[in-house]
Amino acid sequence: PDGQPISTTYQWVNVTEGTTLGTSPLQGLSSSIASPSDELSCLVTATDSGGLSSNSSGTVFLTNRAPNLGTVYIDPSSGVTTTSTLSCSTTATDDDGEIPVISYVWTNGGSVIGTASEITLDWNIVAPGDNLYCTATATDSVGEIDSDSTLVSIDNTAPVITDLTISPSPGYNDSILTCIVTATDVDGQNLSSNFTWLNIDTGVALGIGATLNLNSTSASTTD
């Protein structure tokens, strides 16, 4: 009110940490000097040419920001079977300078089947045609999260015939032959067998089914 020139000074303080941050009207922040939930104060002092002064201060609390999760990948992303080993990966950043912790959850049909970045499959937890999801979650030190997921489809694997025998052996052109097959399936599926009998020498199809009744018309002793 005296019309005297006024000089103004500023003092920024991180109240939570008890540190002085700067003395400019504008104060830049970084993760090295302030963290989410910190209380910052600005003290403004106005002084006239006669040396009289007055001050006032204001405070602000810093808000935490959620981390930023990158694209989620499953490797391999194709050709996946019930015996595959899969790896889920992603990256995460945090604008507050925090280091997010990344966690992974594997689900099939809504059921959790794994909680590590890598999983080895078997037919007890997946089946051909299933869609297998990996959900990645980034969590910062305050508990804020960002998450995303991706999926792969489970392919069918053909069964393997491990043994095939014809009984009796040797056979005759009036024998009743039986074809005995042993097969396995890594997918754990129930297997059914189809049989076709062929006279290799004549090229004639003799019948279907596990059992074949031979006669002199369908086979000769040298076939």
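Mentor: The model is a predicted one. Its largest pocket has a volume of about 430 Å³. Among the 18 residues lining that pocket, L177, L206, L214, A219 and D223 are the closest to its centre.

Trainee: What makes a residue part of the lining of a pocket?

Mentor: A lining residue has an atom within 4 Å of a point of the pocket. In the largest pocket, 18 residues form the lining. Strand β16, residues 196–199, supplies the largest share of them, 4 residues.

Trainee: How is the lining of the largest pocket divided by class?

Mentor: The lining holds 10 nonpolar, 6 polar and 2 charged residues.

Trainee: How much space lies in the second largest pocket, and which residues are closest to its centre?

Mentor: The second largest pocket holds about 220 Å³ of space. Its lining consists of 14 residues, of which I161, V181, S192, S193 and N194 are the closest to the centre. Two or more lining residues come from each of β14 (160–167), β15 (176–184) and β16, and β15 gives the most, with 3 residues. By class, this lining has 9 nonpolar, 5 polar and no charged residues.

Trainee: Why are β10 and β13 said to stand at the edges of their sheet?

Mentor: The sheet is open, has 4 strands in the order β10-β9-β12-β13, and its pairing is antiparallel. β10 (111–114) and β13 (145–153) each have a single partner strand, so one side of each is left without a neighbour in the sheet. On average, neighbouring strands of this sheet are turned by 35 degrees against each other, direction ignored.

Trainee: How do you know that β9 and β12 count as paired?

Mentor: Pairing requires at least two bridges between two strands. Strand β9 (residues 101–108) and strand β12 (residues 131–139) have 8 bridges in the antiparallel sense, so they count as paired. S103 has T137 in β12 as its bridge partner.

Trainee: Why is N173 called partly exposed?

Mentor: Buried means under 20% relative accessible area and exposed means over 50%. N173 has 22% relative accessibility and therefore falls in between, as partly exposed.

Trainee: Where does N173 lie, and which residues does N173 touch?

Mentor: N173 is in the loop between β14 and β15. Leaving aside residues up to four places away in sequence, N173 touches L214, N215, S216, A219, S220 and T221. N131, by contrast, is 42 residues from N173 in sequence and 52 Å from N173 in space, C-alpha to C-alpha.

Methods:
Residues are numbered from 1 along each chain as its sequence is written. This is a predicted model: local features need pLDDT of at least 70, side-chain atom pairs count only at pLDDT 80 or more; totals for chains, interfaces and linings use all residues. Side-chain values use heavy atoms; hydrogens and water are left out. On a 1 Å grid over the protein atoms alone, a cavity is a set of points where a 1.4 Å probe fits but cannot get out, and a pocket is an open set with protein on both sides within 12 Å along at least five of seven lines; lining residues have an atom within 4 Å of a point. Grid points are joined across faces, edges and corners, and a volume is the space filled by probe spheres set on the points. Ala, Val, Leu, Ile, Met, Phe, Trp, Tyr, Cys and Pro count as nonpolar, Asp, Glu, Lys and Arg as charged, and the others, Gly among them, as polar. Axes are lines fitted to C-alpha atoms, for helices over the stretch in contact, and angles run from 0 to 180 degrees between N-to-C directions. Buried means under 20% relative accessible area, exposed over 50%, partly exposed in between (1.4 Å probe, protein chains only). Contact means heavy atoms within 4.5 Å.
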